[in-house]
Amino acid sequence: YLDVILSEVKRTDAMVLEMLDLSRLEAGKVKLTRNAFSLNALTQSIFDKLEMAVKAKALDIRFSFPEEFTVTADESRIAQVIENLVTNAIKYSPPDGVIDVRIQTLRGRVVFRIENESQPLSQEALGKVWDPFYRTEDARSREGTGLGLAIAKNIVELHGGTCSVCNTQKGVVFSFTI
């Protein structure tokens, strides 16, 4: 019983912290600390941290980014965005699926793109996926609060960027540009 109680306390604590984080972001109370860092190294470290989940589903991760790629942004906040996108890509990929990760520049902006082989999103979901607490029917049966993408969008917008999502022939692509 104690393990169940502790597990639920941790889950509730995480949800409250996410809600507080989103509230601060929406109120404009978050100050960014901008520094130069390797976006490649940051992305790789996030996948390294989630290696067990990748192995559990036997996923094939394909990276496509320049040799060395440095950006100037708030590293911890960009890590939060990337971790959310990566976690979702892993969660919704089928076993033995492929996740493609691409970093590139386009008209002087940095584009981070992650595509997985999940089921396509409905038109309703495509329009609401960045809304706080929105969860697709499929997502409701899984863990999560529906706050991660809303937080990610707020962080990207705080950096002067944009987020997007679209269905592809293989699955779904989430991306952000800063």
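**Exercise 1. A pair in helix α7**

Task: In this predicted model, how many residues apart are Lys153 and Glu157 in helix α7, and how close do their N and O atoms come?

Solution. 
- Step 1. Locate them. Helix α7 spans residues 148-158 and holds both Lys153 and Glu157.
- Step 2. Take the spacing. The two are four residues apart, about one turn of the helix.
- Step 3. Check the distance. The closest N and O atoms of Lys153 and Glu157 are 3.0 Å apart. A salt bridge requires a side-chain nitrogen of Lys or Arg within 4 Å of a carboxyl oxygen of Asp or Glu, so the pair qualifies.
- Step 4. Lys153 is partly exposed at 28% relative accessibility. Glu157 is partly exposed too, at 41%.

**Exercise 2. Other salt bridges**

Task: Which residue forms a salt bridge with Glu124, and which with Arg62?

Solution. 
- Step 1. Side chains of opposite charge can pair when their charged atoms come close.
- Step 2. Take Glu124. Its partner is Lys128, with the closest N and O atoms 3.3 Å apart. Both lie in helix α5 (residues 123-128), four residues apart.
- Step 3. Take Arg62. Its partner is Asp60, at 2.9 Å between the closest N and O atoms.
- Step 4. Glu124 has 48% and Lys128 34%; both residues are partly exposed. Arg62 has 41% and Asp60 33%; these are partly exposed as well.
- Step 5. The structure holds seven salt bridges.

**Exercise 3. A hairpin**

Task: In what sense do β6 and β7 pair, parallel or antiparallel?

Solution. 
- Step 1. Set the limits. β6 covers residues 162-167 and β7 covers 172-177.
- Step 2. Read the pairing. The sense is antiparallel, over six bridges.
- Step 3. Find a facing pair. Ser164 stands opposite Ser175 in β7.
- Step 4. Name the unit. The two strands form a hairpin, with four residues between them.

**Exercise 4. A surface patch**

Task: Is Ile5 buried or exposed?

Solution. 
- Step 1. Locate Ile5. It sits in helix α1 (residues 2-26).
- Step 2. Apply the cut-off. Exposed means over 50%, so Ile5 at 51% is exposed.
- Step 3. Tyr1, Ile5 and Val9 make a nonpolar surface patch of about 420 Å².

Technical notes
Residues numbered from 1 in each chain as written. Predicted model: local features only at pLDDT ≥ 70, side-chain atom pairs only at ≥ 80, totals over all residues. Heavy atoms only, no water. Patch = residues over 30% accessible without salt bridge, like charges linked within 9 Å, V, L, I, M, F, W, Y side chains within 5 Å. Areas by Shrake-Rupley, 256 points an atom, 1.4 Å probe, with all protein chains shown as cover. Buried < 20%, exposed > 50% of the residue type's maximum accessible area, 1.4 Å probe, protein only. Pairing = 2+ DSSP bridges.
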